[in-house]
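Let's walk through this structure together, one part at a time. Keep the picture at hand as you read.

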There are 2 protein chains.
Amino acid sequence: MSTAAATPRGVPDASVARLPGYLRALTALAAEGIGLVSSEELAAASGVSSAMLRKDLSHLGSYGVRGVGYDVERLASEIAAALGLTQDWPVAIVGMGNLGRALAAYRGFAERGFRVIALLDHDERVVGDEVAGCPVLPMEDLPTLVAEQGLAIGVIATPPEGAQAACDRLVAAGVRSVLNFAAVVLAVPEHVTVRNVDLSTELQILAFHGQRSAVAEAVAP
Amino acid sequence: MSTAAATPRGVPDASVARLPGYLRALTALAAEGIGLVSSEELAAASGVSSAMLRKDLSHLGSYGVRGVGYDVERLASEIAAALGLTQDWPVAIVGMGNLGRALAAYRGFAERGFRVIALLDHDERVVGDEVAGCPVLPMEDLPTLVAEQGLAIGVIATPPEGAQAACDRLVAAGVRSVLNFAAVVLAVPEHVTVRNVDLSTELQILAFHGQRSAVAEAVAP
DNA sequence: ACGACTTTGTGAAGGGAGGCACAAAGTCGC
DNA sequence: GCGACTTTGTGCCTCCCTTCACAAAGTCGT
């Protein structure tokens, strides 16, 4: 289960991947004081088609009113509930290099309810440093963090060489969700979900499209 | 054209998205001195099925030898060519907050042939600072960078409020590929490709799966 | 030189996702 | 209270992606 997980019955993975976008748009609307929104408007704000939006939402239930639209706050809390954001999800970041430090300082986590409860590093020369106001802990602390603070999500920001080892320790400690920034394919047991974010991959995909459009332009200028 | 672009004839988008992974695996194999690899082995190293790998590669051409496998170096350069990595792709990073600085210091870009040629920021108090050995330039320099240095890819690492403005300036200067780290949907003309990377979205998807498996466990302990 | 073996490349089948279009359902004006 | 109007929820259709399975093709041993 690396990228696409089978969702036996319920919400298709493709839908789940779009829900955060809807939630984001709804939060922005609520901030503007808008209380009601149509599928057309919300879809435009989320960058999808209105038909797709309605189908996605229909998987969660019927929270709209025909002829009117959706109540912004109600829909936001329904989506949040579907995503499991009513409980909190303690996060630990492993690897205090450039990326790890930037992630530790990033405010976006807290804003969306993800509490970073620990920063860790394998290198004992880094352990004890203070990053973004938190002490860097050794990997040995992982089991305690899971047991006592309910650590649920691990973010891997190590160099590629150390990523599998870091992942193994997270999994051994009981973490079942991993966000991996290292450019490697992680091997994990069945019950662990991994999502990969790789900058080089994204750039290479952009390069492909850039090249394509350049070719298309040369053919038909 | 925000995430999925129609590829008239040629390589399907889903395949393109996996090519960087194959390239990464091949590079690692080459570094180990391995010169020949079967679809089964390469697929395992890339985290996909062998059938999918073969089909993906078949879109590029027939570079394997039946009964033997693929020549690692040959295949790597064919994939690199397909992705357009034979030419270089100058990159500019816009937004010198935490994330922007981390990206500027990240070595992964250069390793895969993406040259960061400029760091920019809209805030004149930041312009002139030195980050990772490069001076931070004002947004006004964008047209020159495109014209004189062939700037092709823009990375947006600004806060959400400034992302659309930053994108507009990139597009106005002639950039046609954008990697967006801000949590907003960017509006761009038809010919511009945008790829989004959002940490909160990824965490929320992980939360969904985490919640799901927790529920499944409660039902069947 | 030939047969057994290995592995690729691909035709066909199966499944899922997105888009279309419309019926259902509710609101608003009169 | 009723008809016109708006917008949701969904059945259906299409297309693309993934997987299966096998024929084609090349190697290696004898």
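Around DNA strand D there are 24 residues, and those that come nearest are A:Ser39, A:Gly67, A:Tyr70, B:Arg18 and B:Arg66. Here a residue is near a strand if one of its heavy atoms lies within 4 Å of it. Sugar and phosphate make up 69% of the atoms of DNA strand D that come within 4 Å of the protein.

Before going on, a word on what you are looking at: this is a predicted model, in which local features need pLDDT of at least 70 and side-chain atom pairs count only at pLDDT 80 or more, while totals for chains, interfaces and linings use all residues. Residues are numbered from 1 along each chain as its sequence is written, chains are lettered from A and ligands numbered from 1 in the order in which they are written, and side-chain values use heavy atoms, with hydrogens and water left out.

In the side chain of A:Tyr70, an N or O atom is 2.6 Å from a phosphate oxygen of DNA strand D. A:Gly64 takes part through its backbone, with an N or O atom 3.0 Å from a phosphate oxygen of DNA strand D.

What kinds of residue form the surface near DNA strand D? They divide into 9 nonpolar, 8 polar and 7 charged, where Asp, Glu, Lys and Arg count as charged, Ala, Val, Leu, Ile, Met, Phe, Trp, Tyr, Cys and Pro as nonpolar, and the others, Gly among them, as polar.

Next, turn to chain B, where 3 strands form an open antiparallel sheet in the order S1-S3-S2. Strands are DSSP runs (E, at least two residues), numbered from the N terminus, and two of them pair if DSSP finds at least two bridges between them. Strand S1 (36–37) and strand S2 (64–65) of chain B each have a single partner strand, so one side of each lacks a neighbour in the sheet. S2(B) pairs with strand S3 (residues 69–71) of chain B over 2 bridges, and B:Val65 stands opposite B:Gly69.

Finally, compare the two chains.

Key:
Helices (H or I, at least four residues) and strands (E, at least two) are DSSP runs, numbered from the N terminus. A polar contact is a pair of N or O atoms within 3.5 Å; within protein, one must be able to donate a hydrogen and the other to accept it, and residues adjacent in sequence count only if both atoms are side-chain atoms.
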